[in-house]
Amino acid sequence: MQIVKYSNLSNDIKWMYYCILLAEHARKQGEVPVGAILISNNNIIGMGYNNVIKSNDPTAHAEVIAIRQGGSRIGNYRLLNSILYVTLKPCLMCIGTILNARIKKLVFGTEYTNINILSQLANIIYNNYYINSFINSVNNVFSKICSIQLKYFFYCKRNKN
């Protein structure tokens, strides 16, 4: 896999750009536009985009797909010292997967703003204990672009007719 070099951009921005391209691929397939890339030693070891509808698999979130590929590529479920980039803050299922994989750093683009009980629970876990205790996280990388991708997708879904 060949990676384009961006000498003037930080790694977080460079890799998030690739996630945005993956999210766009998901959108074109009718999936919620979320993309994820798993990096180890500055190389992509896993990548994914939401594929829940097409695969009829409720676990086929971008993060889970990228993590599965990464584990398969290195031959271990422990993805120590890896970095996961994703366009949307992970859900509860994905947070559990990230923790079990022992990913070192999480970088995400935007947050889902719909406040419901699951969102509140995810925020408690994310902000108050698990993620901040075990994983270095960076948020709001290309936040506006990631947010617009999601808002545009749902706007089009609501206004299809």
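Predicted model: local features only at pLDDT ≥ 70, side-chain atom pairs only at ≥ 80, totals over all residues.

Modeller: Residues are numbered from 1 along each chain as its sequence is written, and side-chain values use heavy atoms, with hydrogens and water left out.

Colleague: Got it. At what angle do α1 and α6 pack, and how far apart are their axes?

Modeller: The angle between α1 (residues 11-28) and α6 (residues 143-158) is about 5°, and the axes are 11 Å apart. Axes here are lines fitted to C-alpha atoms over the stretch in contact, with angles from 0 to 180 degrees between N-to-C directions. Helices are DSSP runs of H or I with at least four residues, and strands are E runs of at least two, numbered from the N terminus.

Colleague: Which residues make the contact?

Modeller: From α1 they are M16, I20, A23, E24 and R27, and from α6 I145, C146, Q149, Y152 and F153. Contact means heavy atoms within 4.5 Å.

Colleague: Where is F142, and what is F142 in contact with beyond its sequence neighbours?

Modeller: F142 sits in the loop between β5 (136-138) and α6. Setting aside neighbours within four places in sequence, F142 touches I13, M16, Y17 and I20. F142 and Y17 are 125 residues apart in sequence, yet 8.0 Å apart in space, C-alpha to C-alpha.

Colleague: Switching to cysteines, how many disulfides are there?

Modeller: Zero in the whole structure, with a disulfide taken as a pair of cysteine sulfur atoms within 2.5 Å. For C19, the nearest cysteine sulfur is that of C146, 7.9 Å away. For C91, the nearest is that of C94, 3.7 Å away.

Colleague: Last one: how do β1 and β2 run, and how many bridges join them?

Modeller: β1 (residues 35-40) and β2 (residues 43-49) are antiparallel, joined by six bridges; strands pair if DSSP finds at least two. A36 has G48 of β2 as its bridge partner. The two strands form a hairpin with two residues between them, and N41 in the turn has a positive phi of about 50°.
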